[in-house]
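Please walk through the model below with attention to its surface, its backbone and its open space.

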Amino acid sequence: MFKDPDFWHSLWLQLGFIAIALPIELIIGFFVALLFNKEFPFSKLLRSLLMLPVFVLPVLSGLTWRLMLQPDYGVLAALFQRLSIGPEAWLADKTFSYVAVIFQDIWRMWPFMFMIIFAGLSSLPNEYIEAALIDGAGFFQRVSYIIIPFLKPVLAIAFLLRLIDALRIFSEVYVMTYGGPSNATMLLSLYIHKQAFEFGNISYASAVGTFLMIISLAISYFVVKRGLRGETL
């Protein structure tokens with residue numbers, strides 16, 4: 001397994017996907033939760049609408065993005081062509097197909113981060129914020145010294161849950177690119193499926209799956225140990 005260059009290629013794609021998508025989803029979810037932590041007209045309705053992408057099935061999400069990026073009739077493809085962003089056929093390009101997979105995941109899953117962080121923010125005592133305002137603390141000072149330390153266990157849980165989901169991402173990528181072009185989006189979960197059900201290498205796929213589980217346990221241990229104990233991640 002460790003001598004297989006395709007295995008290392010898929011592993012780096014999977015880790016890159018996690019390293020790029022999850023922090024972006026966490027940051028977007030955090031700041032949108034801060035925005036919606038104050039009541040304003042239609043805030044409850046907008047909050048409910050923001051949650052809709054989470055409830056879209058991964059297969060439907062991947063298929064929708066595939067159709068939207070079709071160069072002949074896709075809405076996003078037409079928009080990107082008008083703005084001269086990227087190639088004409090995103091899913092046929094090695095780099096942009098990977099970017100498209102990450103965009104799809106961010107679009108669908110950042111509301112999940114928002115939902116958990118917003119619930120955490122709702123339990124933040126207002127006395128802390130009011131005292132900081134009286135002392136003249138600015139927005140970023142309140143975020144850095146009060147909100148983030150208070151929310152650290154919540155952020156750790158949100159990241160951990162998304163990590164577990166990201167490690168087993170499969171169906172949306174399968175319908176979007178099928179791991180292509182030229183294995184450019186062959187994440188480790190797709191690689192395991194390919195080895196098991198296309199090549200019949202069940203034992204090899206089991207070994208890769210076990211390795212993926214060990215990686216997830218190691219990252220989870222780090223997040224739980226540092227995040228849930230309130231230490232710096």
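Leu-35 counts as exposed because its relative accessibility is 52%, where exposed means over 50% relative accessible area, buried under 20% and partly exposed in between (1.4 Å probe, protein chains only). Leu-35 lies in helix α1; helices are DSSP runs of H or I with at least four residues, and they are numbered from the N terminus. This is a predicted model, in which local features need pLDDT of at least 70 and side-chain atom pairs count only at pLDDT 80 or more, while totals for chains, interfaces and linings use all residues. Residues are numbered from 1 along each chain as its sequence is written, and side-chain values use heavy atoms, with hydrogens and water left out.

Leu-35 belongs to a nonpolar surface patch together with Phe-40, Phe-42, Leu-45, Leu-46, Leu-49, Leu-52 and Phe-55. A patch takes residues with over 30% relative accessible area and no salt bridge, joining nonpolar side chains (Val, Leu, Ile, Met, Phe, Trp, Tyr) within 5 Å and like charges within 9 Å. A salt bridge here is a side-chain nitrogen of Lys or Arg within 4 Å of a carboxyl oxygen of Asp or Glu. The accessible area of the patch residues together is about 850 Å², by the Shrake-Rupley method with a 1.4 Å probe, where only the protein chains shown count as cover. Helix α2 (residues 43–50) gives the largest share of the patch, three residues.

Phe-42, another member of the patch, sits in the loop between α1 and α2. Phi of Phe-42 is positive, near 65 degrees, in a residue other than glycine. With a relative accessible area of 65%, Phe-42 is exposed.

The loop between α8 and α9 holds Tyr-178, a non-glycine residue with a positive phi of about 55 degrees. Tyr-178 is partly exposed, at 43% relative accessible area. Pro-181 lies in the loop between α8 (171–176) and α9 (188–197), and the peptide bond from Gly-180 to Pro-181 is cis, with omega near -5 degrees.

What volume does the largest pocket have? About 410 Å³ of space lies there. Of its 15 lining residues, Leu-34, Asn-37, Lys-38, Ile-129 and Ile-147 are the closest to its centre. A pocket is an open set of points on a 1 Å grid over the protein atoms alone, where a 1.4 Å probe fits, with protein on both sides within 12 Å along at least five of seven lines; lining residues have an atom within 4 Å of a point. Grid points are joined across faces, edges and corners, and the volume is the space filled by probe spheres set on them. Helices α1 (5–35), α5 (94–122), α6 (126–134) and α7 (139–167) each supply at least two lining residues.
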